[in-house]
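Here is a short note for someone opening this entry for the first time. Please read the points with the structure in view.

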Amino acid sequence: MSDTRVWKTCVGAIVNLIEEAAFKFTGEGVRMRAMDPSHVALVDFDLPAKAFDEYEVSKPVVLGIVLVELNKIMSRAKSEDSLILEFEEEKNRLSLVFKGRSSRRFNLPLVDIKESELPEPKLQFGATVRVLGEIIQDGLRDAEVVGDTVRFEANESGFFMYSEGDGRSVELKLEKGSEALAKLEVRQPSRAMFNVKYLSDMLKAADMKDFITINLGTDLPIKLDFPIAGGEGRLSFILAPRIESE
Amino acid sequence: MFSPWTEKYKPSKLSEVVDQGQAVKAVMEWARGWERGKPAKPALLLYGPPGSGKTTIAEALAKEFGWDSIQLNASDKRTFEVLKRVAGEAATTGTLFEGAGGRRLVILDEADNIHSRSDLGGYRAVREVLGRTTNPIILIANDRRAIPSEILNSCLQVNLRRLSPQSIERALERICEMEGIEAEPLALKRIAEASRGDLRAAINDLQTSATGKKRCAIRDLALYLRDMESNVFQVLGGILHASSVGEARRILWSLDMPPDEAIGWISENAPLLAKNPLDRARIYEALSRADIFLSRARRKQVYGLWGYASDLMAAGPSILRDGETVSRRLQVPSSAIAYRQTRGERTFRESVARKVASRCHTSSRVARKHFLKYLGVILKHDRKRGRAIAEELELTEGEAEYLKSVVDL
């Protein structure tokens, strides 16, 4: 694959939520779905074969990868490097080759992880919005200043983020028709509250210039979809809402 | 593939849990409270002997109420941050499938074992989580007394009884039926009695003795059955009169007691039995070597050294003896008695030291060694400041009394 950035950013975002994960390589592409240890967030990673320059999987394999380690390796990739992933079955390891001016080979031992069959939650979202990554990131950084939770809200007039703590508060407004709001589809005004830290970690997967699709429902989990590999692949996160105590 | 019967026949409904009717009722009542909103006691403490069904009840409860559940074990790294993050998030967040309306049960297994594993404020995190939680939490423990009282106070405490041999026998019968095993009734009875109320141990014993045979006969059992503490005196006598190293070692191993506890029993009694002073000296020599191995094993966490310790303490007293033995009644080790008598005092000392440590940013050992006496003097002689300190540290009545008594020592 000629673009190392996809792996780098995706792994960089997932590693904060999950320590190790089972990646399934099949003829169609690479998939991974896992929950964080608190059962609060779900990661769904899908990179089809066509997102790679070359893709060759003779039989489906499930590779258990310690993400912290993979992330360390990926952080050594240079932007002009291309990346080759190879599974060495007899040694039970994954080798990663960075090809740039030189060729560097990392070997990463694999671990045994049960491949869990997690169903995708079926949620009836009330609103779907598409927002510029940069805006969400700003909103989250603002929220981090005042508290550890943030409320997302979408209604006919626009998209809002609100956070408060210890008497301080901050609000972000993105009104209907704004350039940074590519889509505002509200079947039902929706709002729910989330942990800022988790969202910030997830946002690490976003290119600031990309639009993120957000699905929202009142007191329902939030679903964030990031286009990856130029829209060929998909990285989604689902995060359960905070229970607002009265 | 090998699947343990303890998993295979784990009840998925509370009504299938063996013989804990009253406890189950209390647990259901508590869970129904959660369906209506946050109850006065947000957490439940299930405590009781091993194999009495604590974890099983917690898991079955989650299934029965359709709750998501996560489980944190003592084997997890239970530092303050990890507990706070994982348990804290899980306890205040809705579920992925039902959002804020969904409930998640947080099960903290071995809750009596948090602090001792890493002195990193595990209980402080638990307390914080209990205070903020919007989800049900179950703490599981063998020994309730090891848990700080502030945590106990916010828990509904439910005690699980040691299971009766009869109900264990019935549970074993059911498994035999489903596995198609022909079992001699007397064999099941023996297993049930030997398990001393531990259903998990009983099921494991049954599986060990019957696997691959489709039958369970009494003569297959002898090897597996544990010798329990009840016959510790008998075992001890055996060790002291053993005629070979091998014999002494076998006898010690049949005793279900860790060597660091067993050495107390042996060193209390073995020297007294030897008439000849030279024998006594030799026995003490062997025991003190064993003790060195034990402390190395503990300090360096190399429990492989237990083997050497066991050999020295088992074989030493019997083999190194030339002279006659006196026959006398064996005694409970005086250290065990002292331990038992000072338990209350030690509990207070530890809980106060922990509180002081967390407030003064020091370890509880330093707090215990250097701080407690001064606090005691203040508490005793300066009412006003004493009260302020007691408030600041959130001391209980008993803890304050203990501090005052320290001064007189």
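1. This is a predicted model. Across the interface of chain A and chain B, three residue pairs are in polar contact, both residues of each pair being at pLDDT 80 or more. By type, the chain A residues that touch chain B divide into 16 nonpolar, five polar and three charged.

2. How many residues does each chain bring to the contact? Chain A gives 24 residues and chain B gives 21 residues. Between them, the two chains bury about 1,800 Å², and carbon and sulfur atoms account for 61% of that area.

3. Chain A taken by itself has 246 residues, of which 51% count as buried. Its secondary structure consists of four helices and 16 strands. Among the contacts in chain A with a separation of 6 or more, 62% join residues 24 or more positions apart. The accessible surface of chain A comes to about 12,100 Å², with 45% of it belonging to carbon and sulfur atoms.

4. In chain B, one residue to look at is Val235(B), found in helix H11 (residues 232-240). Is Val235(B) buried or exposed? Its relative accessible area is 8%, which is under 20%, so Val235(B) counts as buried. Val235(B) and Ala248(B) are 13 residues apart in sequence, and their C-alpha atoms are 9.4 Å apart in space.

Terms used: Residues are numbered from 1 along each chain as its sequence is written. Chains are lettered from A and ligands numbered from 1 in the order in which they are written. This is a predicted model: local features need pLDDT of at least 70, side-chain atom pairs count only at pLDDT 80 or more; totals for chains, interfaces and linings use all residues. Side-chain values use heavy atoms; hydrogens and water are left out. Contact means heavy atoms within 4.5 Å. Buried area is the accessible area (1.4 Å probe) that two parts lose on being put together, summed over both. A polar contact is a pair of N or O atoms within 3.5 Å; within protein, one must be able to donate a hydrogen and the other to accept it, and residues adjacent in sequence count only if both atoms are side-chain atoms. Ala, Val, Leu, Ile, Met, Phe, Trp, Tyr, Cys and Pro count as nonpolar, Asp, Glu, Lys and Arg as charged, and the others, Gly among them, as polar. Helices (H or I, at least four residues) and strands (E, at least two) are DSSP runs, numbered from the N terminus. Buried means under 20% relative accessible area, exposed over 50%, partly exposed in between (1.4 Å probe, protein chains only). Accessible areas come from the Shrake-Rupley method with a 1.4 Å probe; for residues, only the protein chains shown count as cover.
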